[in-house]
Amino acid sequence: MAFGEQPAYLRVASDLRQKIADGVLPPHTRLPSQARIREEYGVSDTVALEARKVLMAEGLVEGRSGSGTYVRERPVPRRIARSGYRPATGSSPFRQEQADEGARGTWESRSEQEDATPEVAARLGIRAGDRVMRTRYVFRAEGEPMMISTSWEPLAVTGRTPVMLPEEGPLGGCGVVERMAAIDIVVDNVLEEVGARPGLAEELLTLGGVPGHVVMVLERTYYASGRAVETADVVVPADRFRIGYHLSVK
């Protein structure tokens, strides 16, 4: 193979991908069989199989048991807005966004105490094994699962206070900033980093994806005078949502 030349299976995958994009192979159409790909492109069974695997990994096609491989319907991505603006209502960013868009958003959560893992401890600036409150959320918009969030708060900060449980008590459901203010902790900085990776099996099961789908992971940490008071991972299916930021210019 000459320098810079694509392997045969990528060339086949690229042509099939273009046909899907152009509508030659519309959603719910059965992808050409392995034998058909072999004959049409003059390639081996191995190349045909690998090309199909590429399209499946990209989420363009899906296998249906006993039926074959079909082109997936591509959803129109919706935007999840991120902003430094804090509403006077004290609502969390998700609740505020749902209210702004007039959407019917729902969520479920579960909190429990656990020992901080080395990774979580490093993000919170505490020792591995220190106790934290972990809260797991599933957020839905119009009944459709849109993101999973897992947050950790050091119990050295919130333990035995009215805000120890993020979704219970007088400030249950309020944002981190408002909850911390209630115990005289002023959050003055937040760091968010966005990355992407293949979704874990349990994440895709909850979010409605298929193996190989990519998710965006927003790693967020709130600080008060340099001390981390909450850190979280927000997982969003990359094929259905985009994360947008509103940035002020001073």
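β3 and β9 each give at least two residues to the lining of the second largest cavity. Helices (H or I, at least four residues) and strands (E, at least two) are DSSP runs, numbered from the N terminus. The model you are looking at is predicted, so local features need pLDDT of at least 70 and side-chain atom pairs count only at pLDDT 80 or more, while totals for chains, interfaces and linings use all residues. Residues are numbered from 1 along each chain as its sequence is written, and side-chain values use heavy atoms, with hydrogens and water left out.

**Cavities and a pocket**

Let's stay with that cavity for a moment. On a 1 Å grid over the protein atoms alone, a cavity is a set of points where a 1.4 Å probe fits but cannot get out, and a pocket is an open set with protein on both sides within 12 Å along at least five of seven lines; lining residues have an atom within 4 Å of a point. Grid points are joined across faces, edges and corners, and a volume is the space filled by probe spheres set on the points. The count comes to three cavities of 30 Å³ or more.

**Salt bridges**

The whole structure has 23 salt bridges, each a side-chain nitrogen of Lys or Arg within 4 Å of a carboxyl oxygen of Asp or Glu. Here are three of them.

| Pair | N to O distance |
|---|---|
| Asp45 and Arg38 | 2.8 Å |
| Arg72 and Glu62 | 3.9 Å |
| Arg134 and Glu114 | 2.6 Å |

Arg134 lies in strand β5 and Glu114 in strand β4 (residues 105-115), so this pair ties together parts that are 20 residues apart in sequence. Both Arg134 and Glu114 are buried (under 20% relative accessible area; exposed is over 50% and partly exposed in between, with a 1.4 Å probe and protein chains only). Asp45, in contrast, is partly exposed at 36% relative accessibility, and Arg38 is partly exposed at 30%. A network of salt bridges links Asp15, Lys19, Arg36 and Glu40.

**Around Asp239**

Arg72 is buried, with a relative accessible area of 12%. Which residues does Asp239 touch, not counting residues up to four places away in sequence? They are Arg72, Pro75, Pro77 and His213, where a contact means heavy atoms within 4.5 Å. Asp239 sits in the loop between β9 (227-237) and β10 (241-246) and counts as buried at 16% relative accessibility.

**A pair of rings**

The structure has one aromatic pair. The rings of Tyr137 and Phe139 have their centres 5.4 Å apart and their planes at 15 degrees, so the pair is stacked. Rings of Phe, Tyr and Trp (its six-membered ring) pair if their centres lie within 6.5 Å; planes under 30 degrees apart count as stacked, over 60 as edge-to-face and the rest as tilted. Both Tyr137 and Phe139 are buried.
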